[in-house]
Amino acid sequence: MLRRQVRLRREYLYRKSLEGQQYDDYAKRRAVRAALESGRPLPTELQNVATDLHDADQFADALHDAPVHVSHDDEYAFAGSRPPKVVVTTSRDPSTRLGQFAKELRLLWPGAQRLNRGNLVVPELVATCRANEVTDVVVVHETRGEPDGIIVSHLPFGPTAYFNLKNVVMRHDIKDTDIGTVSEAVPHLIFENFETKVGARTRNILKFMFPVPKEDSKRVMTFFNNSDCISFRHHVFEKPSKFCKKEDIKLTEVGPRFEMQLYQIKLGTMDQQEAENEWVLRPYMNSAKKEKSAWVVARNWVIYSFKMRIMSCRSAAAVKPNPIALISTEPRMMAMVRGCTAPHSRWSRLTSSDEYISGGKA
């Protein structure tokens, strides 16, 4: 059985590598085509192979231009044809709060099961779930009794997504109001600001953990991405009548709520330490905000100092000052002006950036 799994995994990775080569070739042909149509110089890295790419591009048409997406190469090819089977568990020796959080997470996915971890190690856990045809394994972690991490591993071949958790508010924390029981209906899903390759990949990992909902379902789950921080909210709504106004709909949050931040996607299950990284959060990716904030502070300081110099000159009834002379007489201010070059905007990796790392290489 183990030898068969290794063979299937090797064949799957080989097909995925061929698919990546086809998309790379398609992107090169599009770059050459755009350069020839616009009259611009060819990209430097494509000048040696531009002739071959142009000859291959002559046989492409609208129907056969882009690479054909083969369904059996997709990890979620059969999603929707059968309901997913989700197992929720914790790290070993969990605290009471982490156990409560795992119970509430189990209620998010209809038909999910919670597994007491016990002394199971990760390879045994994955093997057990794979033998029982489990589609997704969810493992939550904690630090000093506070849930701070969640792992979502898709079976049998991956991918595996790693998230940080913060601002966790559970149903057990709300004791003043009666929030009732949790609905077990299949929820409608709302995904906002998942536009890039990493965002689409994250959306698929989260979306295909839920069955297909019915139209009359009154349960809604929202995943809202804001600067790479995914806010999760769980609501139910009530309509007084079938044809009512939006203002008459009653929306109630039933919890839990938390924020997630993606920091790694692996091309494999969580027991495969040798699996390649599809995307990793690098340290330099978080520097854009700091650079921009420093630039804004420096610019505001220059403007403020410039205005103060003008006001002081006018109050002293002096000659109307020359702005260039004012700045040039202040060496520190001049240095700040020269250094106030706005950095390249490289913001949210799930919404607007192309920081997509294939195979763990930037």
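The model is a predicted one. A search of the whole structure finds eight aromatic pairs. It also finds one cavity of 30 Å³ or more. There are zero disulfides.

**Aromatic pair Tyr76–Phe208**

- Tyr76 and Phe208 form a stacked pair, with 5.2 Å centre to centre and 25° between the planes.
- Tyr76 sits in the loop between helix H2 (50-57) and strand E1 (86-90), and Phe208 in the loop between H5 and strand E7 (219-226), so the pair ties together parts that are 132 residues apart in sequence.
- Tyr76 has 6% relative accessibility, so this residue counts as buried.
- Phe208 has a relative accessible area of 24% and is therefore partly exposed.

**Aromatic pair Trp109–Phe210**

- The ring centres of Trp109 and Phe210 are 6.0 Å apart and the planes are at 35°, so this pair is tilted.
- This pair also links distant parts of the chain, 101 residues apart.
- Trp109 lies in the loop between helix H3 (96-106) and strand E2 (113-114), and Phe210 in the loop between H5 and E7.
- Trp109 is buried at 8% relative accessibility, and Phe210 is buried at 9%.

**Aromatic cluster**

- One aromatic cluster is formed by Phe101, Phe191, Phe194, Phe223, Phe232 and Phe258.

**Helix H5**

- H5 spans residues 197-207.
- Its buried residues are Val198, Gly199, Arg201, Thr202, Ile205 and Leu206.
- These residues cover an arc of only 165° around the axis, which means they lie on the same side of H5.
- An α-helix has 3.6 residues a turn, so residues three or four places apart point the same way.

**Cavity**

- The largest cavity has a volume of about 110 Å³.
- Its lining comprises 13 residues.
- Trp109, Leu206, Phe223, Phe258 and Met260 lie nearest the centre of the cavity.
- Strand E4 (146-154), E7 and strand E10 (257-266) are the elements that give two or more residues to the lining.
- By class, the lining has 13 nonpolar residues, with no polar and no charged ones.

**Cysteines**

- Cys129 is at 4% relative accessibility, so Cys129 counts as buried.
- Cys244 is at 24% relative accessibility, so Cys244 counts as partly exposed.

Conventions: Residues numbered from 1 in each chain as written. Predicted model: local features only at pLDDT ≥ 70, side-chain atom pairs only at ≥ 80, totals over all residues. Heavy atoms only, no water. Disulfide = S-S within 2.5 Å. Buried < 20%, exposed > 50% of the residue type's maximum accessible area, 1.4 Å probe, protein only. Helix = DSSP H or I, 4+ residues; strand = E, 2+ residues; numbered from the N terminus. Arc of directions from axis to C-beta. Phe/Tyr/Trp six-rings, centres within 6.5 Å; stacked < 30°, edge-to-face > 60°. 1 Å grid on protein atoms, 1.4 Å probe; cavity = no way out; pocket = protein on both sides within 12 Å on 5 of 7 lines; lining within 4 Å. Points joined across faces, edges and corners; volume = space filled by probe spheres on them. Nonpolar A, V, L, I, M, F, W, Y, C, P; charged D, E, K, R; others polar.
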